[in-house]
Amino acid sequence: MPAPAAPTGLTATPGNVKASLAWVASAGATGYSVYENLTCSQVASLYATCSVLPTDFATCADLLWQITPVVTGVTAVNYIVTGLTNNTLYYFTVEATNGSGSSPRATAASVTPVLQVPIAPTIGTATRGNV
């Protein structure tokens, strides 16, 4: 059996300090791994102890993706990432896996978690009338 194709249709829906991810199943996949995109400053801190730092992160796009997935072995076609910071932009991608290997990663989806504030009820207008 060959490695699965990349998952498609990845979407990310914001929640309060979380993101709900969903994608279309890849034929032959037995599991999925979810990856989060790092910011340039996060990558710089990872390399802070190195003697040679990448000087142009725009040309080192692969450095921006976490080497270690957020989660592996997901068997469903959805996953909720928790522990995020509200009002911060995140990018996620997913790769399918099986006994033969891993797929290319899905096209990334972006999401900005937010605190969902309920909308205040609308109060109707009163008119004078006979009592």
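In which sense do E1 and strand E2 (residues 18–24) pair, and over how many bridges? In this predicted model, the two strands are joined in the antiparallel sense, and six bridges connect E1 with E2.

The pairing of E1 with E2 belongs to an open sheet of three strands, arranged in the order E1-E2-E5 with antiparallel pairing. The edges of the sheet are formed by strand E1 (8–15) and strand E5 (78–82), each of which pairs on one side only. From one strand to the next, the twist averages 20 degrees. In general, the strands of a sheet pair through backbone hydrogen bonds, in either a parallel or an antiparallel manner.

The protein chain as a whole contains one helix and eight strands. Read from the N terminus, its elements follow the order β-β-β-α-β-β-β-β-β. Of the 131 residues in the protein chain, 31% are buried. The accessible surface of the chain amounts to about 8,400 Å², and carbon and sulfur atoms account for 58% of that surface. When contacts between residues at least 6 apart in sequence are considered, 70% join residues at least 24 apart.

Ser33 lies in strand E3 (residues 31–36). Ser33 counts as buried because its relative accessibility is 6%, and the cut-off for a buried residue is under 20% relative accessible area. With residues up to four places away in sequence left out, Ser33 is in contact with Pro69, Val71 and Thr72, as well as with Thr93, Val94, Glu95 and Thr97.

A pair of aromatic rings is described by the distance of the centres and the angle of the planes. Two aromatic pairs were counted in the model. One of them is formed by Tyr90 and Phe92, whose ring centres are 6.2 Å apart and whose planes lie at 20 degrees to each other. This pair is classed as stacked, because planes under 30 degrees apart count as stacked. Both partners are buried: Tyr90 has a relative accessible area of 11%, while the value for Phe92 is 0%.

A further arrangement involves a charged group and an aromatic ring. The charged end of Arg105 is placed over the ring of Tyr35, at 3.4 Å from the ring centre.

Definitions and conventions: Residues numbered from 1 in each chain as written. Predicted model: local features only at pLDDT ≥ 70, side-chain atom pairs only at ≥ 80, totals over all residues. Heavy atoms only, no water. Helix = DSSP H or I, 4+ residues; strand = E, 2+ residues; numbered from the N terminus. Buried < 20%, exposed > 50% of the residue type's maximum accessible area, 1.4 Å probe, protein only. Contact = heavy atoms within 4.5 Å. Pairing = 2+ DSSP bridges. Axes fitted to C-alpha atoms, helices over the stretch in contact; angles between N-to-C directions. Areas by Shrake-Rupley, 256 points an atom, 1.4 Å probe, with all protein chains shown as cover. Phe/Tyr/Trp six-rings, centres within 6.5 Å; stacked < 30°, edge-to-face > 60°. Lys NZ or Arg CZ within 6 Å of the ring centre and 35° of its normal.
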